[in-house]
Structure formats: structure tokens, C-alpha cells
Amino acid sequence: MPEQHRPEICDYEGSTYRTDFWEGQGREYEDRVERIAIRRLLPPTGERLLELGAGFGRLTPLFSGYKQVVLLDYSRSQLEFARQHYGDEGFLYVAADIYRMPFAPGLFDGATMVRVLHHMQDPLAALSGIREAMRQGGVFLLEFANKQNLKAIARWALRRQDWNPFTPEPVEFVKLNYDFHPRYVRETLIRAGFKPGRTLTVSHFRLDLLKRIIPTGVLVALDSMAQLTGDLWQLSPSVFVRSEAVGEDSPAPKGAFWRCPACGSFDLEEGEDRLICADCGAQWGKHSGIYDFKEPLAEG
Ligand SMILES: C[S@@+](CC[C@H](N)C(=O)[O-])C[C@H]1O[C@@H](n2cnc3c(N)ncnc32)[C@H](O)[C@@H]1O
Ligand SMILES: [Zn+2]
């Protein structure tokens, strides 16, 4: 594979995302409504599911109906935490860049990506790679941050925000943090080889004031109902869309699992602590139960 321009990566290596953002940080409401949306949209059982940008595995237990779950993330430290919790039975941990995934085409019949498109500088490249790793008919569940949400519309109307929430182009409101228009996401999914289907709007009541004065259980129940209008209009800050992988799968040798991210070869030999590419010689590390495709090991 020729070395192309690589999109930048929002690196969570060593980040305290779990403790700074989730645990004890007043986001029980967001966490619970996301779980409701995933349960509604994702087939509960299947063969092999790819969790893209799995992080520390916050949502991983929802996918336990699949025979194997592959957790992929760029951050080794997030994956290490997940592995301590879920172990190796039915789970595989892969440190890699979504833009350069190490999988043979057609490997997955399920895939999820939650709170990750948010960091993608090149959504079409990311989604095309995901489609390739999936098989035709597989289900892909994508969450994205919606620029056309009520808060952004109000801020724009009051001239407190300079970007227009109704135009289709992504907005980078902080370096490598993007909000997307639902139409843009749909079109990009189609271009990448997916057929977008049922959509749920999520986290309608993500406002500090509401979260303070209304019990979480009530907000969750209200959001759960409001989610069901997602096919009609999308004005919430978070949107989940279920798509089907369509079109021909790329060819791959029967039984192939890995693909060398450096040269595209399917011929990777597994040793005790590394995978070695028979074609280009690149060596990919394997340590503490995590396959590492971020950078090849140094020679020798
Ligand atoms: C906001 S966290 C979401 C984690 C998890 N999906 C959740 O909802 O709790 C974003 C995750 O995406 C990962 N990520 C961002 N860019 C990536 C890339 N190019 N390749 C692989 N992972 C990436 C980060 O390492 C981080 O763990
Ligand atoms: Zn190679």
C-alpha cells in the first residue's frame, strides 16, 4: 500500500478519560440513554463484532451476545484497562489506527462506533475502511455529534456562535473535535458502502440545569420516548444510526484474519510476541494480550 497522507489522530494514550469524563462526573444520564439506543438498534447476537474506538470498554458488555468482540483503539492504556475487566475469553484487543486497520476484508458481521466519529478529520476514509472490514449484510451502528442541535441553533440565533448549524459541512469547534450535520453523515455513509436505516436521536435533555432539577430516571424515561422520533427530525446533540453494509465485499483468502497495515498482505505469521509480515517483513508487537499495529517494531 503506498504511504498516503495520514489524517491526524486525537490521541488518548495515557488519558484519564474514564475518571475525568465518566465516573462520578454527572454523566449517568448520557450513559444510560446511549445504552438504550444501542439495545434498540443493534442485533443482540452475531458472530464477530468490531468495537471501534472502544476506549476503556464502557459499552463493551452490551455486545456480549457476539461470539467474539474485537476492541480496537489507538490507546494502549485504554485497552489495558478494558482487558483487566473483560479478560480474553471472547474478546480480542487491538491497538491500531481506524484509518489503517489490520483486518482482512469481510471479517465482521457487526460494528459499532460511539463517540469516535467526533474525532475523525476524514470521515469518508474512516467509514470506507470500516465497510471493507465488514461483510455484506453486516450491521454498523454509528453515533455522531449533531451540529444541528437545539442548543447550537439557539446560540446561533442569539449570535453567540459563529457557525451555522444548518449547513452540511462539519464544524471543528475544538482541535480534532467535530460536530456533523445528519445529512452529511448519511451521505458519507452511502459513499462508504453503507445503507443508512433507522435513526435514534439521543441525549435530548443534556442540559446542566435540567439534570440538576429533574431526577435522572425521569430524564432517561423521557429521552427514551423522544429517541423514537429520530427518523423524523434530528435536533439532539447525539444521534445513532444503524446501517447495513451493502455492495460487493473486497476479495480476501478464505480464513484470513489479519492484514498487514504497511503493505496489505494477508500473510502474517504469528510468533509468541509478534506477527511478522511474510511480504514486507514488518513486525507487529503483541504484549500484555494486546496486538499492536500502531507502528511496526524496530528492526532486529
Ligand atoms: C471519546 S472516547 C470514546 C470511547 C468509547 N467508545 C465510549 O463511548 O466510552 C474516543 C476514543 O476513540 C479513540 N480514537 C480516536 N481516534 C482514533 C483513531 N484514529 N484510531 C483508533 N482509535 C481512535 C480514542 O483513543 C478514544 O479511546
Ligand atoms: Zn506487510
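**A ligand and its surroundings**

Ligand 1 has 20 residues around it, and the closest are Gly53, Arg58, Asp73, Asp97 and Val114 (near means that a heavy atom of the residue lies within 4 Å). This is a predicted model, where local features need pLDDT of at least 70 and side-chain atom pairs count only at pLDDT 80 or more, while totals for chains, interfaces and linings use all residues. Residues are numbered from 1 along each chain as written, ligands are numbered from 1 in the order written, and side-chain values use heavy atoms, leaving out hydrogens and water.

**Around ligand 1**

- Let's start with polar contacts, which are pairs of N or O atoms within 3.5 Å.
- Asp73 has a polar side-chain atom 2.5 Å from an oxygen atom of ligand 1, and Arg58 has one 2.9 Å from an oxygen atom of the ligand.
- On its own, ligand 1 has 600 Å² of accessible area, and the protein covers 98% of that (Shrake-Rupley method, 1.4 Å probe).
- Sorted by class, the shell around ligand 1 holds twelve nonpolar, four polar and four charged residues; Asp, Glu, Lys and Arg count as charged, and Gly is among the polar ones.

**Arg35 and Arg58**

- Arg35 is part of helix H2, residues 28-41 (helices are DSSP runs of H or I with at least four residues, numbered from the N terminus).
- Leaving out residues up to four places away in sequence, Arg35 touches Arg58, Leu59 and Leu62 (contact means heavy atoms within 4.5 Å).
- Arg35 and Leu62 are 27 residues apart in sequence, yet their C-alpha atoms are 7.7 Å apart in space.

**Two other helices**

- At the start of helix H5 (residues 150-157), a side-chain oxygen of Asn149 comes within 3.1 Å of the backbone nitrogen of Lys151.
- After H5 comes Arg159, with a positive phi near 60 degrees.
- Lys211 belongs to helix H7, residues 208-213, and its side chain reaches the backbone oxygen of Gly26 at 3.1 Å.
- Beyond four places in sequence, Lys211 touches Gly26, Tyr29, Glu30, Phe205, Arg206 and Leu219.

Definitions and conventions:
Polar contact = N/O pair within 3.5 Å; in protein donor to acceptor, adjacent residues only side chain to side chain.
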